[in-house]
Amino acid sequence: MPVERLLPTPEAHDLIELTRDVADKVLAPRVVEHERNETFPEGVFPALGAAGLLSLPYAEEFGGGNQPYEVYLQVLEELGERWAAVAVAVSVHGLSCFAVATHGTDEQKSRWLPDMLGGETIGAYSLSEPQAGSDAAALTCRAQATPGGYRINGSKAWITNGGKADFYTLFARTSDTGSKGISCFLVPAGTDGLTFGKPEEKMGLHAIPTTAAHYDDAFVPAERRIGAEGQGLPIAFSALDSGRLGIAAVATGLAQAALDEATAYAKERKAFGKAIIDHQGLGFVLADMAAAVDSARATYIDAARRKDAGLPYSRQASVAKLVATDAAMKVTTDAVQVLGGYGYTRDFPVERFMRDAKITQIFEGTNQIQRLVIARSLAG
């Protein structure tokens, strides 16, 4: 049953209906095939782009949808309910556009954002390194100034859409001054000296590749540096606040899908003469699952409304990411339990939901990092 949503405008309701229609026709019929075969869903992202779903939170003048985050995130949730891997890739694409949209010059915005937001291209976010995950200030990938631009050398890790993206928002070291020595670059795919490793063999999100990237004296023109030298980490961290909300929304959609599947099964499956949902022990499990999903949705929408109002929302973004992804892990695990032995087989999607949910607690800042952000906020 579709989620009954409280949305700010009639236009937003129409957008959600459009999203459901596209997701049901484009995503739902293909998810099992591509997740099982670990194949990239060619044609899916152009279809989402043609529907205007790849650029929703950005300004209309550059090809965006000019939607508030409160609405954009609920679109992501709908996508996540059908196919978590694709929804994560859509969220990462939005994250990858953030640097240019918020810190680019007028010329950079006019030159690159229309293509980035137009629906024909997909982006990737390149911050983490093999030895620098949660500690982003420890980056070693280096961008050395050279006439006309920068020569980049080093490796990046855990890139969603790696090898498939059309552009990469890269963070690399331009000086040895610690956290103040990192700068941001917009690197086009096909740059000489940029290569990608074999896709990681992951527990979940099988249809979307996650790879390492290797820069071997790759030249990036100076005009592709976004913001000032040394401004990279503030750009990265402000982007991650938005990105964490995206992951919270996707995790909520995943949890909603697990709840729906478990509820439908519990209504049909009978034991001791009645549907198992009517047994109190099982009914209470489903009730707790529903409460977790509703709570997750409420936390990310609260943070989104603060962002839309121009209020500080960093702590609320961490709360939303923490609450929603922990909920997704619990709800998907409980869904497997509700289905019993069937839940442990690939005949039902809940085993995939459970595998997909785990990574949401890890990327865009582990949930331990979210607790650190929240604790530091409380400490003032």
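These legends go with close-up views of a helix and of a glutamate in a predicted model. Residues count from 1 along each chain as its sequence is written, and side-chain values use heavy atoms, leaving out hydrogens and water. Local features need pLDDT of at least 70 and side-chain atom pairs pLDDT 80 or more, while totals for chains, interfaces and linings use all residues.

**View 1. Helix α6 from end to end.** Helix α6 covers residues 106-117; helices here are DSSP runs of H or I with at least four residues, strands are E runs of at least two, and both are numbered from the N terminus. Just after α6 comes Gly 119, with a positive phi of about 100°.

View 2. Gln 108, Lys 109, Trp 112, Leu 113, Met 116 and Leu 117 are buried (under 20% relative accessible area; exposed is over 50%, partly exposed in between, with a 1.4 Å probe and protein chains only). Down the axis of α6, these buried residues fall within an arc of 120°, so they line one face of the helix (the arc uses directions from the helix axis to the C-beta atoms). Glu 107 and Asp 115, on the other side, are exposed.

**View 3. Glu 351 in helix α10.** Glu 351 belongs to α10, residues 350-360, and is buried, at 15% relative accessible area. Leaving aside residues up to four places away in sequence, Glu 351 touches Val 336, Gly 343, Thr 345 and Arg 346 (heavy atoms within 4.5 Å).

Note on methods. The expected span of a helix is 1.5 Å times one less than its number of residues.
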